[in-house]
Structures are given as structure tokens and as C-alpha cells.
Amino acid sequence: MTGAFLYGIASLMRILLIEDDDEAAAFIAKGLRDAGHVVDHALDGETGHGMAAAGDYDAYVIDRMLPKMNGVDVLKRRRDEGDETPALFLSALGEVDDRVTGFQAGGDDYLVKPYAFSELLARVESLGKRRNAAPTAVTTRYAVADLEIDVLTRTVRRASQKIDLQPREFRLLEYLMRHAGQVVTRTMLLENVWEYHFDPQTNVIDVHISRLRSKIDKGFDRPLLKTIRGAGYTISDDD
Amino acid sequence: MFRLLRTTSFQLTLLYMLLFAVAVGVLGLYLFRTTLGAVDDQIDNTIDKDMEVLAEIFAEKGEKTLLEELDDRSKWRDGGLYMLVRAPSGALLAGNLTALPPEALTADEDFFEFSYERDRVDEAGAVVGVESRRGRGKIRSFSTRTDDDAPFLVLTARDSSDRDLLSARLRTVIVQTAIAVVMTGLIVGLLFSRTLLRRVDAVNRTARAIRGGDLTRRIRITGGGGELENLAVNLNAMLDQIERLMTGMKEVSDNIAHDLRSPLTRIRNRLAEALDADDAVRDAALAAAQAEAERMISTFNALLSIARIESGEGAGVMEPIDVNSVVEEMAELYEPAAQDAGFHLSVKNKPAHPVQGSRALISQAVANLLDNALKYAEGGERIILSVGETPEGAVSLSVADDGPGVPDKDRDHVLQRYVRLEASRTTPGSGLGLSLVSAIARAHGARLYLKNALKSGRGLRVALVFPPAEAA
């Protein structure tokens, strides 16, 4: 897990954490701070809503079940007041309907307890990136070092050399490129690339990654697709 | 008994009975009025006609003939009552009435009613006494054209005792009928309420017993059909579901206790070990504790999923699912992993009808079966994912491998929770994979089969057979 803490590659974020469990909140806040982010903490829904309205945050992490005002209502009110700050729900309720409720309230991501901290960190950092991206223009080309992909023409080039990918491999790469510089967990990949919401017991995702890696990194000096031990994967230019 | 009187059905019966009694009363009154009216009319007509005939006799044939006629008529004993009186003196000239009734003096032209006495006669005609009877009649004064003074008074009447008797009898019949109706209503109502009360009591007794903690009790089904029976059947079905949920909940808590206690103990021991150790040992102990915690989390998640699916809550929306495409997608997801593990994963996809179900759950079941095949089919080379339809129209989805398979005696056993056959103790896993598949199968009304995949007895083939879709 220490690997994830040290891997603070995303830009600094101001995060509002609304969680009534003191101990869990302290653990989350410490982890996020260790990763280089600024964290404010509210213990109930009303306080949380007040702080969200007053402060300027890059992301909200909201527990679904809160005293005074539940998490879903907090976010609904923020959205009604025009607040577009990306939000992640933490919940013990993980079924399809529960997720749908969370997304309908304006949530951008949904994490079911119990979860690994590395999963939470990766998802929060992925939210911050979403906000920083220019909301108007839809990006269709992504580049990391000499690796480029074009979403419209579905082409991939590395050092101007064309690389052929299977459709699923392309979607996998596209997702990683959209989150370049961030840690992407196996669960995030399974949810976003394959649209499944369960944990496979075997290493299915790892094998897909290693196939992709053999196509984009093999034969080049610098590997771009890296494994972050205990957390997931990332595509980045850094060493 | 008093409880019976307070039941809704009895009160309803009482109300109906009351309405019926009123209806009977009104009918009786009508019957009474018309019957007596007809009798009265007949009496009055007879009297008027008699009076007319007598007036004619007097006018045409004179006083003497009238006298004879009246004498004659007086002997008939047909209920006719007559009296001829000479006007000024009041002397009785003829007739079978012995005294002028006092009512006659004030009656003018109208009918009047009176009492009179007459001899009671036995069958042989001998006088045996006197009886008091009622009569109704008219009185007129007769005069000739030549004589302005009315020389005679003629009283014509009919005996009306029989009419009074009829009236009394009618009244009795009507009252008796009304009483009979009310009594019958009461008895039927009581019987009806008692039957109903008994059946409702049975429901109440069961409900009380269940509230008292005996969840196995059910309402007795008599087999008689009807809406009460229907209610009982539905209540029983509801109770079955509640019992299933309660049992499920108890199992989950038992399982959690069983499954989480040992890893928790291990974590505590590792942490204790880490407390007073040098850096290298501490790091190793912490890493082991962390790995243990990760395993606990995945076990916990699997347990929760099973519990949710079994309670019917996790199934979400059931919709027509194209199983062929689910299998294609899962094969695409698992193909690299299978190849990596030394298997050739192939798909035999025969067109099949859509299955009513949850895409997420069916996918998860296939994933678990593939996970199992990758983990346990050691020494195997092939994994075949197939979809097809049985001759009956049921859709079958199966995962087959050519690994060592599962011994016959362990077939049922492996479907239970936490069962991991001895041979697989060393591989990671919670032992919940097949239980989850089994729970998903139940949520879809599908059957789960475990068979040998090969004639040699090796290999395992796990099939999910979905019930044929209802003709849409």
C-alpha cells in the first residue's frame, strides 16, 4: 500500500471528505494528505453541505449514510445550486439500483465498502483530472511521450509507427491515456472498459494489460505502461 | 358467543335480516289490507243489494210480502241479519235480531257495526246456549208513496265475526312469518359467522404463534377453494419467504462469524508479533496482516453478494438477456488469462432464446465458473464455454474443462459454502465461488448441474439450465 502513497503523481487537490465515522475519516484523510492533497473533513451532512457551499474544492468524497442529511441529498442540493464539483460516493450498498441512485443524484463515481485505500485514492485523483480538463472541447487525441492515439480514427502510433490493436485493447489504452499520469486500478478498468461490477478472482485484467504492453512498449527503450504494485497501472512519461 | 355477535359477518347478516323483516312486514300489511278490504267490500255489497231487494218488495208487493220475506230470510242462518220495526212504536215485526242495536240510532245512512247475541246451535239444530257475535249493517226507513210518515224501519246486516276471525288469523300468520324470518336469519347468521370466525381464528392463531417465535407454523389449507383459501395460500407463501430470509440472515451471520474469526485472530497475532520485533520481521508481519485483511474483504464481499442475491434484493431488474452475447463477452475477457494459464478457451454458441434475468449476475456466474476452471482444472488444456437449447426450449449455459474433475461423492458437497476440496487447499480463494453461482442460479429459477465432461470420467462440466421463457 505504501507504493500508492509514494506515487503522488497527480496534481494537488483540495478535497472535502464528508464521513461520520471518525476513525475511517482520519484514515482516509491521512492517506489523501500523504498523497499530497489538502483535505477538509465534515462529520455530518448539514455541516458538509455548508462547507461545500463556502469552499472551493476539486472533489467531494461523500459517505451515503450521514447524520442530519444523507449523502445523496447533500449532493443533490449542491447540484441544484449549480455546483459541478466531481463527487465520489462511499457506500455499503453496492447493488445496481444503489449505484444508479448515486449517479442520478449527480455522483461521478461510486465505491462500495469495504475497499482498499489505493482504490479510493486512484478514483479520487481520476475525478480531479476530470475537472481540470476543458469542459467545452471534447478531446479526441491523446499523447504520452511518443505514444499517440486518435479516438476518432481509432489509430495508435508510437514514434510515428502505426500499431494495430484489437477493439478492446484500444478501449483499454484509451482509458489509460485519458487518465495519463494517474493510477488506474483493476476494478476501475473492469468497470469502465468492460462495464462489469465484480471482482474476478483470477488475473484476467493483468493478462489484458500485459498483452497491450507487449504491443505498445515492446521494442522501445522506455516503457510507458507501468505497474504500480498493490494499486494498479498507469501510463506516464515519468521514470 | 358474545364474540360471535360482534363479528362483521354477523352484523352484516343482522342488517340483511332486518331489511328482510321490514320487507316481509310491508308485504304482510299490504296482504292484510287488501284481503280484509275485499271481504269488507263483499259484505257491504251484499247489504246494499239486500236493502235494495227489500225496498223493491215493499214498494211493489207491500208490507205483508216484506214481512213474509224477512221471516223467511231470518230462518236461513246464512249470516244475514234482519229486523223490521214499526216506526213510531218500535214494535218488532219480523227478523232474527231481538233488539235494535244502539249504534243503529246514530248511524243515519252509513254502515255501522254492532254486537248481538244469538243462539248457539249444535249439529242437530238444538239450541245449546247463547253466543255474542259482531255484525255490520244499515238501517233505512221504508215508506209508501201515499204515506209520508215512515211506517217501518228495516235493518239489514251481515254477521262479521268471521271477518274478524280472518283478520285475527291473518295478523297471526304475518307476525309468525316475521318471527320465523328473523329467527332463521339469526341462526343462519350465527352459523355463517361461526364458520368464518373459525377460519379467521386459524389465521390469527398462526400469526400469534409466529409472533411468539415459531416461524415454521403455517395456516391450514382446507382445500375448499374460495377467497379465504386464496388469502391463506398467499399468507403462507409470504411466511415461506420471510422464513427463507430469516434463515438466510442467520446463515450469513453464522458464516461471517465462522469465516472472519480465524483471519481476525491471525491478523491480531501478526500485529502482536510485529510490536516487538526488528524492522525486517515487522515489515513481513505487517505485509502478512495486510494480505490477510485483503482476503477478508473479498470473502466479506462475496458473502454479502450471496446474501443479497438470495434475498432477491441483489437481482435487480430482470429483463430479457441474450446469453449468446454474454458468453461472447466473457470469453473475450477471459481468453488472454486462459491462454496465460495454458488453456485453449473456445466458445460453442448455438442460437438460444433470450433468458429472463440480470445481465450483471449471469456474467458474474460465468466469470466465477471460468475462474474456477482456471484455478482447479490443473493439467487440463481446454475450456469450452457453450450455450444451447434443450429440446424442451430451456436455455443451457455451460463451462467445461478437461482437468481432474470433481469426484462423484463430492458433487453436492462443493455447492455448499466454504467447501474447497482437499486438493485445492493451497490455491487462493474464499470457497464461495460456486455458492455464488448457485445463488445466482436460484435467483433465476435456473438449475445447476455438475457432471463429468469426458467419458473417461475426467473433466468438469458445470451447466446452468434456465427455465424456458414464457411464450411472449
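Predicted model: local features only at pLDDT ≥ 70, side-chain atom pairs only at ≥ 80, totals over all residues.
**Figure 1. Chain A and chain B in overview.** Start with what each chain is built from. Chain A has nine helices and 12 strands, and 41% of its 239 residues count as buried. Chain B has 11 helices and 12 strands, and 26% of its 472 residues count as buried. Now take contacts in chain A between residues at least 6 apart in sequence: 62% of them join residues at least 24 apart. For chain B, residues 24 or more positions apart make up 62% of the contacts with a separation of 6 or more.

**Figure 2. The five-stranded open sheet of chain A.** Reading across the sheet, the strand order is β2-β1-β3-β4-β5, and the pairing is parallel. At the edges sit β2 and β5 (109–112) of chain A, each of which pairs on one side only. From one strand to the next, the twist averages 20°. Two helices to look for here are α2(A) and α4(A). Helix α2(A) packs on the sheet and touches β1, β2 and β3 of chain A, with its direction at about 165° to that of β2(A). Helix α4 (residues 71–80) of chain A also packs on the sheet. The strands touched by α4(A) are β1, β3 and β4 (87–91) of chain A, and its direction makes about 150° with that of β3(A).

**Figure 3. Zooming in on strand β1 of chain A.** Strand β1 covers residues 14–18 of chain A, and four of its five residues are buried, so the rest of the structure largely encloses it. On one pairing, β1(A) runs parallel to β2 (residues 38–42) of chain A over five bridges. The chain gets from β1(A) to β2(A) by way of helix α2 (residues 22–34) of chain A, and this β-α-β crossover is right-handed. On another pairing, four bridges connect β1(A) in parallel with β3 (residues 59–63) of chain A. For Ile15(A), the bridge partner in β3(A) is Ala59(A). As a reminder when you look at side chains, those in a regular strand alternate between the two faces of the sheet.

**Figure 4. The four-stranded open sheet of chain A.** This sheet has antiparallel pairing, in the order β6-β7-β8-β9. The edge positions belong to β6 (141–144) and β9 (161–163) of chain A; each has a single partner strand, so one side of each has no neighbour in the sheet. Ignoring direction, neighbouring strands here are turned by 25° against each other on average. Within it, Ala143(A) stands opposite Glu148(A) in β7(A).

**Figure 5. Where chain B touches chain A.** Here 25 residues of chain B are in contact with 20 residues of chain A. On the chain B side, the elements giving two or more residues are α7 (279–310), α8 (323–340) and α9 (359–376). Sorted by type, the chain B residues on this side come to nine nonpolar, nine polar and seven charged.

**Figure 6. The nonpolar cores.** The largest nonpolar core has 112 residues, and the members touching the most others are Ile15(A), Ala59(A), Val61(A), Val323(B) and Val366(B). Helix α9(B) gives the most to this core, with 11 residues. Leaving aside neighbours within four places in sequence, Val323(B) is in contact with Ala352(B), Val355(B), Ile362(B), Val387(B), Val395(B) and Leu397(B). Apart from this core lies another, of 20 residues, including Phe58(B), Met83(B), Val85(B) and Phe142(B).

**Figure 7. A loop residue of chain B, Ala99(B).** Ala99(B) sits in the loop between β2 (92–95) and α4 (102–106) of chain B. Ala99(B) counts as exposed because it has 9 C-beta neighbours inside 10 Å, and the cut-off for exposed is 12 or fewer. The view also takes in Tyr116(B): 17 residues separate it from Ala99(B) along the chain, and their C-alpha atoms are 8.3 Å apart.

Terms used
Residues numbered from 1 in each chain as written. Chains lettered and ligands numbered in written order. Contact = placed C-beta atoms within 7 Å. Pairing = 2+ DSSP bridges. Right-handed = clockwise from strand over helix to strand, strands pointing away. Nonpolar A, V, L, I, M, F, W, Y, C, P; charged D, E, K, R; others polar. Core = buried A, V, L, I, M, F, W, Y, C linked by C-beta atoms within 7 Å. Axes fitted to C-alpha atoms, helices over the stretch in contact; angles between N-to-C directions.
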